[in-house]
Structure formats: structure tokens, C-alpha cells
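Please look over the sequence and the model below before reading on. The briefing that follows takes up the strands first, then the helices, then the charged pairs.

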Amino acid sequence: MTPAGGPSRTDSPADPGFAAALRERAVCVAGLGVSGPPVVRALLARGARVSVVDAREDDATLDLARELRAEGARVLLGEHTLPAETDLVVTSPGWRPDAPLLAQAGAAGVEIAGDVELAWRLRPAGQRWLAITGTNGKTTTVRMLEAMLRADGRDALAVGNVGTPIMEAALPGGPRPAPDLLAVELSSFQLHWSATLAPHAAAVLNVAPDHLDWHGGLEAYAAAKGRIYAPGTLRVANADDAWSTHLARTCGDPAAPLYGFTLGTPRAGQIGVVEDLLVDRAFAADPQGGAEELASLADVVPAAPHNVANALAAAALARSVGAAPESVRAGLAAFAPEPHRMAPLGSVAGVDYVDDSKATNPHAAAAALASFASVVWVAGGLLKGAEVEDLVREAAPRLRAAVLLGRDRDRLRAALARHAPDAAVVEVEAAAGEDAMEQVVRAAAGLARPGDTVLLAPAAASMDMFTDYKERGRRFAEAVAARA
């Protein structure tokens, strides 16, 4: 086990040659999304000549463009092409490889990197990253990991798609001193654009079909996830997930340690569950002959199986840098779940209501549905190319009824007709907004019986009707509260 105590702090970048070479280098930042402005400012601070390209010209983008121009960037709105003389592109993670600007850069031999790759090259020497990816559970797991590390007295911060852009947190000269340890949430998009990233330890929580429209298929999507297991990276794999185990073995460094986590009884080299306890047989003093107690199932909130798996993954990563067993329990006690993730909304007329709007793909919805015995399921939206047959077939015995909304609801309706013909189905055709969720909750309440759970677990993205999954969940919660 790695000795406790973090590396000594230094302001020297991990790749000083790359940092020095940014001075006067012509860099194009593709996209002014959440990651764009921090990237622009980090590059300007290091003397790069920065051009920014974004096709949008809405008011918010125009305001941001004015700010960045005042700071020294050249901002080109309504553009899709690569500026002349560019020799490095830093892309927003959501840009597809076939986007015209990126295709042009690739054809010209211009290096393309993502914001995570840039942060990795510019990070302080000695800073360690503990990285997490997966189809579902990433945000919860990095938050749990951050809480465990802080309970252990470490200078640690969760970054990524958790409210703190990595460029603002990881680099010297940012809003706060660069932490010794980062708990890093990584999407398949970010991993696709990362070439030299090599975390101290990394975990793939699970892999199920998602973002297939972006990657072109499950194999390519899984391969992007597997890039997290870089040379020298300690591998943490979900022993209950075939893809996670496969990627750890085939994409990871065979010379690096490989540990597992499981909802079953752990073998040597694994962290798992024995009766109502989370136990460690991976980083314990005697993993062959004994185990160390880390926490109880009661310490995991909510204690749904998929969330216990998140806690086990976080514990494995915390233990990989020497966190004490008692820090795992303390971290779980300090952890507060993010909104719209299996959030109980209370009971009305004997029926429970639960908001899991973050279940934006079938894999996440399946985990939510498996947590309840009798469900009125609220589902639908943008399926992003994902299949729903297996989801509906497995959930059928639990389904009292379903209320469907969104653009791809017809595919869910057809699957329900095949696999759950006894479940009543109501479709809400309202286009968007508050009225749609009022209709959804009214229909669900009419279908539910005392003891049932009305579960918003859409299995789909929300942008056909709502700004994002947060607005969808908020509208659902407001509609439920109005009936209380």
C-alpha cells in the first residue's frame, strides 16, 4: 500500500518543456462551453497566442467573447474553420472528431488535445490524480472519494463535471493553490482527446451503451473508457461488470497492480461486501488471510446496490493512496448525494415519489428500477441510439404502469407492449416545460396504488423538452410538491 502522506507541493509543471513551448505558440480553442474560458485564460497566462472558434452567436456567447478579447484572445464567432498558422487545437470535449475544424486540423497534422490533456501536461510536479470513468455513477463516486480523502486529512479536490472545471483547479496560479490530490471525473469524450494522461490510479465503474451516436458504436465507446488505464496506472475494476474487467486487463498496464470491487464477498485483491459490512481484502495488511472493515451498508446513502458499488470504488481509490479505514466511513458520513440522483420526494396518499432524472441512459434506469418492488415508471426523452429492449424485459415484473414523454417514447411504448403487456401505459404529448410535468405526475398518481413508487428514471437525455436533466428533475419535484 502506498504510504500515507501526499507529495510535496511545487509550482513547477509536470511537463516544463511543454509549458515553456506555449509562449508565442498559436493555439486554437474550439468551443466556448464550460471548459473553454478556463482553457483560454490558462493559455494566455502562459504566453500563447490564442484564437477561439465557436459557431454560436447568442447573447451569452457574445458577452463572453467581449471578456476574452479584452484579456487578449482573438475570438471568432459563427466560424467552423481552423485559423491560419494554428499548431495546437484544444477542443471542448463534446466536439465530435468529424467536426469540420477538427477534421481540418487532423488532415493538416495539427495536434488536437482536450482540456483534461492540457491540464495534465501543465499540472504541478508531484500532483497525483485519481481518475474515474463509467457510464453511470461518476459524479457520485468522485464526490465520495473527495470526502474520504478529506476525512483522511488530505489536500484533495473533486474536479471535472462536478462544478469545478479542471483547468481552474489543477494548475498553479489558479483561484486557489493547486491541490496535492485530484479526484477526477472523466467522460468518454475527454478520454478520447487525452493522449498522455496517466493517473496514479483509475477505475472504470461500468460500461453500457451510451453516446453511441458520438462514438459510432459500443466498441469505440468502451475503448475510449479504457484509455483511463494508462501505462503505470494502478487499475481498479468492477468485478461485477464484464466490460470494466475486460478493459482493465486489456487496456491497462499488465505490470501495474490490478484490484477489484464487488457487491459480493471479496476475494484477495478485492474490496466487497460481507453481510452488512464493506470490507477490504485489497489494501489490508494481510489480504490473503484477513480483511479490514471499512464501513457498513447503513453508511451508504442511498444504499441501493449501484450506489454501494460507487462507494466501494471510491474506497479502493482512497485506499490506493493510503487512506485509513476509518476515513472511508467518515467520508461516507460526510457525503451528501447530488440532486436528481435517487432523491426521495416524499409520499402522497401512500405512494412514494423518487427523482432520478440523472438516469439519462438505460443502464442507469435499470439500476433505479431494480431498487423498488412496484413502480409507476416515468420515462422517455432522447435515447441517443441506445436500445431499451433488455431494460424493459428485466424491469417488467416490477412495473405497475408507465408514463411516457419525449421524442423517443414510441420505442419505449413498443418495448413495453412486447415485454410488459399488463402494465398500463399513458403518453404525455405536451411539448415542454412545467405543464408537461404536471400532466406526467397527474397521470402517474392516477395509476399508482398505495405502496407503489412513482419513479422518474427516464433512460434518456432531456434536451428535447428541457434545458437539461436538472430542469427535468426540478419540474418533476415541483409537480409532486403541488400534490402534497
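An open sheet of 9 strands, with mixed pairing, runs in the order E7-E8-E6-E9-E10-E11-E12-E13-E14; strands here are DSSP runs of type E with at least two residues, helices are DSSP runs of type H or I with at least four residues, and both are numbered from the N terminus. Strand E7 (156-159) and strand E14 (292-296) stand at the edges with a single partner strand each, so one side of each has no neighbour in the sheet. From one strand to the next, the twist averages 20 degrees. This is a predicted model, in which local features need pLDDT of at least 70 and side-chain atom pairs count only at pLDDT 80 or more, while totals for chains, interfaces and linings use all residues. Residues are numbered from 1 along each chain as its sequence is written, and side-chain values use heavy atoms, with hydrogens and water left out.

**Within the open sheet**

- Strand E10 (residues 234-238) and strand E11 (residues 258-261) run parallel and are joined by 4 bridges, where two strands count as paired if DSSP finds at least two bridges between them.
- Val236 stands opposite Tyr259 in E11.
- Helix H11 (residues 242-250) lies across strand E9 (201-204), E10 and E11, and runs at about 160 degrees to E10; axes are lines fitted to C-alpha atoms, for helices over the stretch in contact, and angles run from 0 to 180 degrees between N-to-C directions.

**Strand E16 and its partners**

- Because 4 of the 5 residues of strand E16 (residues 351-355) are buried, this strand is largely enclosed by the rest of the structure; buried means under 20% relative accessible area, exposed over 50%, and partly exposed in between, with a 1.4 Å probe and protein chains only.
- Strand E15 (residues 343-348) runs antiparallel to E16 and is joined to it by 5 bridges, and Pro344 has Val354 in E16 as its bridge partner.
- E15 and E16 form a hairpin with 2 residues between them, and Ala349 in the turn has a positive phi of about 55 degrees.
- E16 also runs parallel to E20, to which 4 bridges join it, with Thr453 in E20 as the bridge partner of Asp352.

**Helix H14**

- Pro362, Ala364, Ala365, Ala368 and Leu369 are the buried residues of helix H14 (residues 362-369). They cover an arc of only 160 degrees around the axis, which puts them on the same side of H14, the arc being that of the directions from the helix axis to the C-beta atoms.
- These buried residues of H14 pack against strand E17 (375-379), helix H15 (389-395), strand E18 (399-404) and strand E20 (453-456), with contact meaning heavy atoms within 4.5 Å.

**Salt bridges**

- The structure holds 27 salt bridges, each defined as a side-chain nitrogen of Lys or Arg within 4 Å of a carboxyl oxygen of Asp or Glu.
- Arg143 and Glu146 form one of them, with the closest N and O atoms 3.6 Å apart; the two residues are 3 residues apart in helix H6 (residues 138-151), and therefore separated by about one helical turn. Arg143 is partly exposed at 22% relative accessible area, whereas Glu146 is buried at 8%.
- Glu471 forms a salt bridge with Arg475, the closest N and O atoms lying 3.4 Å apart, and both Glu471 and Arg475 are buried.
- In the salt bridge of Asp408 with Arg407, the closest N and O atoms are 3.6 Å apart; Asp408 is buried, with a relative accessible area of 12%, while Arg407 counts as exposed at 60%.
- Arg25, Asp87, Glu111, Glu117 and Arg121 are linked in a network of salt bridges.
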